[in-house]
Structures are given as C-alpha cells and as structure tokens.
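Here's a quick briefing to read with the structure open beside you. Take a look at the fold first, then work through the notes below.

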Amino acid sequence: MKQHITKERLTHLMHEYVAPASREPVVRWMAFLSVFMVVGVGAALMVFIKGLVITNLTDLVPWGLWISIDLSAIALAAGAFSVSAIAYLLRKKELQPVAKTAVFVGFVGYSIAMMMLLLDIGRPDRFWHGFVFWNIHSPLWEVTMCVGLYFSVLMMEVLPIIGHWHPVEHNFPRLSARMTGLHRFTPVLALIGLCLSTLHQSSLGLTYGKLVARPIWYGPWSMAIIFYVTAIIGGIALVTFISLFSAKLTPKARINKQVLDKMAYGVGWAALFLLALRWWDLMGMPAEYVPGKTEALYILTRGRLAFNFWWLEIILGMVVPAIILLIPQFRRNEQLRMAALALVAIGVVAFRWNTNLVGQLVVFGTVPGSDVPIFTHYTPSLVEILTGAGVIAYGLLAITFGVRYLHVIDHGEGVEAPAEASVPAAMVPSSSR
Amino acid sequence: MSSKIDRRDFLKLGIATTATAAIGIGMSNTGLIPLRMAAPQAPATTKGPENPPHKWVMVIDQSKCVGCDLCLAACHAYNDTPPNISWSRVEEVQPLEDGQRVFRPMPCQHCQDAPCVDVCPVGATYHRYDGLVMMDYDKCIGCRYCQLSCPYGARFFNWEKFIGPNPDVPAAGTPEVERRPRGVVEKCTFCVHRIDRGLSAGLTPGIDPDATPACVVACTYGARLFGDLNDPDSPVSVALRNNPDAYRLREELGTEPRVYYLPAKSKEGSAS
C-alpha cells in the first residue's frame with residue numbers, strides 16, 4: 001500500500017515538474033551535454049586505469065587531440081585578461097561588465113585546459129611537480145607556473161560572481177559578502193592577470209618555437225608572437241560571440257549592443273592583422289629546400305592539413321570575418337556578425353590544431369648530408385575523442401549554467417527591454433505560464 | 001580603489017616591491033631561504049659540465065657493423081626494456097656505391113647541449129657530473145615534451161606497464177636495473193650503473209667488460225667502442241685519432257653529441 005502511494009506520488013511529481021522542465025530547450029540542451037560529460041568521465045577513467053596505450057599517440061606524435069584542445073582552450077580563454085586589461089587598466093568603464101563575462105569564460109577555458117593536461121600527462125599523480133621541481137629554462141615550466149597562478153587569479157575574479165548567485169546569497173549571506181568583497185581587487189587582479197597571461201600565452205608559442213629538432217616550428221619569435229596575438233583575438237571574439245548569441249537565446253543575457261559592436265569592429269581589424277602576421281611568418285620562409293621545413297610547409301599548404309589551413313584558418317578564420325566586421329552594412333546584420341565572430345574563434349582553434357600537428361607529421365631524418373624526412377600520421381582514437389568531447393561538453397554546460405544562473409552576461413545599461421512577445425514561450429519558466 | 005593611487009603611492013609600491021625582491025634574492029644566495037626546489041637540477045645553464053673528470057664517448061664503426069642486432073638484445077636484457085621499446089636502434093642507411101649495406105646504430109647521443117635537458121619542465125632529465133644525460137624516473141611527469149625536442153628520436157615513453165617476461169632474458173643477459181613505471185620517459189643511459197660499479201671496483205670502462213655498456217660488450221664485430229676521451233690511450237681516443245673523418249649526427253644543430261661515427265668504407269682495399 002505504502003509503495004503504491006510513493007509510486008503514485010512519483011508519477012505525480014514527474015508530471016508536475018520533470019516533464020514540463022524537460023520540454024524547455026535549455027534543459028534538454030543541458031541534459032544532452034551531461035550525457036557527453038558522463039561518457040567523457042567514463043572514457044577518462046579508462047585512460048587513468050589502462051594508461052595512454054589506449055590512445056593513438058606514439059613516440060613520434062606524442063602530442064595529439066588533447067593538447068590541441070588544451071591549446072585552443074587557453075587561447076580562447078585569453079579574452080579574460082585582454083578585456084579585463086582594457087576595462088580596468090585602460091579604464092574603459094563601459095567594458096567592465098563585459099570583463100565579467102570574459103573572466104567567467106576564461107575560468108571555464110582554463111579549467112578545460114587543466115583537465116586535458118591532467119589526462120595527457122603520463123603521471124597525473126605528479127601534476128604538482130612543476131611547482132616544486134623547477135627548470136627555469138623550460139618554456140613548459142613557465143607555462144605550468146603561470147597557468148597555475150593565473151587560474152587562482154581567475155578564481156578570485158570568479159568568486160564575486162558566485163557570491164551573487166541566489167542560493168549562496170540567501171543561505172550564506174556572510175560568505176557571500178566575503179566573496180563579493182573580492183571585487184575590490186579587480187583592478188589589481190587585472191594587472192597580475194595581464195602579466196601572467198602575457199608570459200604564458202607567448203611561452204606556449206615558445207614551447208614549440210624552441211625546438212631545434214622541428215624546423216617548421218623553430219624560431220624564437222614568430223611562434224611566441226603569433227600564439228599571443230591569436231589568443232587575444234580569439235578570446236575577445238569568443239566573448240563577444242557568446243554574449244551576442246546568449247542574448248539571442250535568452251532574456252537572462254542582457255547586452256550592451258554598442259559596446260559589443262565596437263568590440264566586433266576591433267576584432268575585424270585584428271583578424272586582418274593576424275592574416276598579415278601569419279602570412280609573414282609562413283610565406284617568409286625560404287623558397288629553397290630546407291629539410292623538414294619544406295615538407296611540413298607542403299603538408300600545411302597542399303597536403304593533409306591544406307583544408308584546415310586554407311579554409312578554416314585563412315579564408316573562414318581571417319579573410320571572411322575581416323570583410324564582414326569591417327564593412328558596416330555587413331556588421332550591422334546580426335547573424336553575419338555573430339557568424340564572423342564565431343569564425344574567428346574557429347580559425348584560432350584551427351591554427352592551434354595545425355600548428356601542433358604540422359611539426360609532428362614530419363620527423364626530420366638523422367643522416368648527415370642526406371636528410372630523409374619521415375612522414376608520420378595521427379588520427380585520434382575513440383577514447384581521445386570521447387574524453388575531449390566530454391571536457392568540451394563540460395565547458396558548454398558551465399557557460400550555460402553561468403548565463404542562466406550566475407547572470408555572467410549582464411552588460412547593464414543600453415539594453416532594449418526584451419519584448420515579451422519575442423521571448424520564445426519555452427524560455428519562460430514553466431511556473432509563470 | 002585603483003583610481004586613488006597617485007604617483008607617490010605608485011613609486012612607494014615600486015620601491016617596496018624591488019626591495020622585497022632584492023632581499024629575497026639576497027637571502028636565497030646566503031642560504032637563509034633554502035631554494036631547495038630550484039637548486040640541484042636548475043643550474044645557470046643547461047649545458048653539460050665543461051671539464052668533466054671523465055668524458056665518456058661511444059665510437060661506432062659503421063664499416064664493422066653488420067646489423068645483427070646483438071647489441072640491441074643485450075641492451076633489452078641488461079636494462080630490462082619492454083618489448084616495444086629499444087633504447088638503441090640499428091637503422092639501415094644508404095648503401096655504399098659498390099652496393100655494400102651500411103648500418104647505423106643509434107643510442108642516445110648524450111648531447112653536451114641537450115635539447116631535452118633544456119626543455120624538461122621539472123628537470124627530470126639532467127646532466128650528471130660527467131656530462132651523461134640522465135633520467136630521474138621519480139620526477140618525470142610524462143608530458144613527452146622531451147620526445148618532441150630530441151633531434152635523434154632517442155627517447156621513449158612507457159605507454160603501458162611492462163609486465164611479464166622479457167623475451168631477451170636470459171638468452172642475452174640478465175636485468176641489472178629496475179623496470180620503469182608506466183607513464184614516464186626512458187632512454188639509453190650508456191649503462192651508467194655498469195660504469196659506476198666498474199669505477200668503484202677499480203676497473204676501466206671501455207676496456208674491462210664489467211665496466212662497459214652492455215651493447216659494446218655484446219658486439220662481436222667490435223663495431224662499438226667506448227671509453228674516456230680525457231684518457232689519450234682509451235679505445236675511443238685512439239679510434240678518433242686514427243680516423244679524422246669521424247662525424248657526429250646533425251652537428252649543425254650544435255647539440256654536441258657524445259656518439260661519434262666512423263663512416264663505412266668500401267672493401268676494395270681488402271679485396272685486392
């Protein structure tokens with residue numbers, strides 16, 4: 001009898017709450033992401049238990065999909081330091097609310113990167129070794145230190161946002177006050193963030209540029225500069241895109257169109273600058289045969305990576321967005337502007353993927369006088385793809401959560417009051433329907 | 001809050017920061033602050049020692065190597081390497097003009113200016129007092145950056161744990177070192193355990209088999225020589241003196257390897 005009642009109540013509850021909630025697109029979207037996350041966690045456990053042998057990484061191509069995701073996440077998280085620096089150090093007041101969005105996106109990006117790295121290293125139990133055992137000559141050590149320190153900076157910048165979260169504010173008012181109080185330090189944190197980010201974003205490029213064994217990467221300057229510049233551009237583009245896109249989907253995201261339009265315009269110029277930089281770097285390479293470098297350049301421009309390079313990176317990632325964002329008629333079209341910003345971010349991801357792979361697909365031979373490059377190949381294994389997808393799903397989930405509950409996109413004044421009719425019915429909480 | 005910082009405050013802050021840093025650095029030099037973390041494996045330069053007491057060098061005579069892989073079997077057994085890892089490899093390279101096959105054994109080159117030592121984020125790979133490039137398996141985090149940095153492809157990652165019997169034991173020898181754990185990088189050590197053991201027993205590495213790397217001892221053709229370049233009478237010093245055409249791999253990179261190769265010569269002289 002008792003059981004019968006509980007069952008009945010359950011069904012009742014299901015009908016009352018779960019069913020209407022699941023009809024909301026955002027809930028379905030979050031459930032969809034959660035599935036990926038759960039699968040990703042399972043795949044990650046498999047990696048931890050069985051070791052990296054279940055990946056398709058080899059001694060010749062030791063850095064694969066995970067490192068590419070890690071590089072991309074760090075690049076796209078750079079909006080946090082760039083927007084904060086513009087808002088608080090260059091004192092562009094109108095950008096301060098956008099900095100909040102950027103910091104949250106950056107926090108999510110860096111947590112993605114750290115998860116990927118934890119999976120990728122052979123001894124995850126020794127992740128802390130970089131902080132204790134120093135090799136100050138290694139760019140990777142520098143990256144480890146700065147990413148670790150910068151993550152704590154981001155955490156201090158994100159805590160006020162969480163402090164404003166409704167449940168925290170109501171249930172733990174004193175804790176909430178402590179957390180929101182950290183907001184005082186934002187200008188100082190912006191300065192520290194700028195320093196740390198400049199150091200590690202460029203060192204990430206130097207990580208590749210330092211390798212004398214891989215001629216396509218080798219060169220102390222170009223890699224560091226391009227990594228730094230792509231990070232800033234991709235980061236700002238992503239923050240602008242996420243703000244615009246969220247505002248399209250939900251009234252919970254409130255944007256200042258003028259500010260975002262300015263940012264989009266800036267990204268347009270930046271894309272053009274990036275095009276020049278990338279062109280100078282690659283096309284400035286000597287025309288005569290340089291073993292290893294010539295083959296890698298061939299792979300990039302005409303071989304396996306050609307589609308990625310020409311289409312994703314150059315045309316869709318730089319040329320098209322630059323045209324859209326710099327010509328006012330095109331930029332004023334909301335769809336086009338959003339697409340252009342997303343393309344810039346995708347272009348940066350393609351750049352990271354191409355760069356990481358191109359140096360590994362050609363291994364320079366060792367015979368003096370007769371250099372024989374060996375061509376290697378790499379396709380990520382299912383486990384790598386599932387864990388990568390899981391971590392990315394986590395990122396999207398975190399951003400959705402942030403927009404919906406933490407109000408990270410609240411750019412204040414200048415917002416047209418969202419017309420009630422334009423809000424999709426499904427977006428209105430079921431209780432008010 | 002930030003807008004309240006005027007020039008005077010800014011200068012004060014700057015001076016205070018500089019002073020703090022100066023005091024910190026000063027104290028670390030006097031040993032008041034034990035910079036233990038940075039100390040042992042982070043010297044001012046990542047090059048090997050300038051004048052080591054022993055300059056261990058391997059000389060590989062390509063005119064004697066027949067590609068029989070006996071050296072590899074010995075290496076696998078003595079260093080207990082998993083079947084999918086071979087610290088040294090024997091590659092067949094371009095044949096001579098008369099069609100004679102040429103082989104090139106490739107151990108770790110133990111570079112004086114080793115890219116791997118330079119880039120290892122935790123200093124898990126380092127130069128020993130005698131300049132040999134070593135691995136600290138307890139420090140290695142398995143990031144595999146050193147593999148990308150090595151111009152000779154001499155570094156290997158333990159993708160899985162090595163369990164089960166070693167196919168080369170006992171036919172080619174018995175293990176003398178511990179198996180490495182999963183998830184760390186390993187590479188040829190020039191059999192430092194044999195060198196050190198031999199030295200402490202008063203033997204001469206390169207001459208006494210018990211003090212010489214296993215691959216050198218195993219080579220029945222005498223294609224591998226080992227010894228101290230500081231000793232003018234060591235086999236390697238003699239060989240390099242007699243063969244001015246000795247070369248090292250990818251010298252243009254400036255890594256200064258410790259492995260020298262004597263080029264293969266066509267056997268016309270011996271045939272006539």
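**Two helices side by side**

In chain A, helix 3 (residues 65-76) and helix 17 (residues 382-406) pack with their axes 9 Å apart, at an angle of about 20 degrees. Keep in mind that this is a predicted model. Angles under 35 degrees count as roughly parallel, and helix 3 of chain A and helix 17 of chain A are therefore roughly parallel to each other.

**More on that helix pair**

- The crossing of helix 3 of chain A and helix 17 of chain A is right-handed.
- On the helix 3 side of chain A, the contact is made by Leu65(A), Trp66(A) and Ile69(A).
- Helix 17 of chain A brings Glu384(A), Ile385(A), Gly388(A) and Val391(A) to that contact.
- Sorted by class, the residues of the contact between helix 3 of chain A and helix 17 of chain A come out as five nonpolar, one polar and one charged.

**Chain A as a whole**

- Count the elements in chain A and you get 17 helices and two strands.
- The radius of gyration of chain A is 23 Å, close to the 22 Å that the globule rule gives for 433 residues, so chain A is as compact as a globular protein of that length.
- Of the 433 residues in chain A, 48% are buried.
- Take the contacts in chain A between residues at least 6 apart in sequence: 76% of these join residues at least 24 apart.

**Where chain A touches chain B**

- How many residues does each chain put into the contact? Chain A gives 37 residues and chain B gives 42 residues.
- Two of the elements on the chain A side are helix 6 (129-132) and helix 7 (139-163), each of which supplies at least two residues of the side that touches chain B.
- The side of chain A that touches chain B has 21 nonpolar residues, along with ten polar and six charged ones.

**Chain B as a whole**

- Chain B contains eight helices and nine strands.
- In chain B, 44% of the 272 residues count as buried.
- For contacts in chain B with a separation of 6 or more, 60% are between residues 24 or more positions apart.

How values were computed:
Residues are numbered from 1 along each chain as its sequence is written. Chains are lettered from A and ligands numbered from 1 in the order in which they are written. This is a predicted model: local features need pLDDT of at least 70, side-chain atom pairs count only at pLDDT 80 or more; totals for chains, interfaces and linings use all residues. Helices (H or I, at least four residues) and strands (E, at least two) are DSSP runs, numbered from the N terminus. The radius of gyration is taken over C-alpha atoms; the globule rule is 2.2 Å times the number of residues to the power 0.38. A residue is buried if 20 or more other C-beta atoms lie within 10 Å of its own, exposed if 12 or fewer, and partly exposed in between; C-beta atoms are placed from the backbone. Two residues are in contact if their C-beta atoms, placed from the backbone, lie within 7 Å. Ala, Val, Leu, Ile, Met, Phe, Trp, Tyr, Cys and Pro count as nonpolar, Asp, Glu, Lys and Arg as charged, and the others, Gly among them, as polar. Axes are lines fitted to C-alpha atoms, for helices over the stretch in contact, and angles run from 0 to 180 degrees between N-to-C directions. Angles under 35 degrees count as roughly parallel, over 145 as roughly antiparallel, 65 to 115 as roughly perpendicular and the rest as oblique. A crossing is left-handed if the near helix is turned anticlockwise from the far one by less than a right angle, and right-handed if clockwise.
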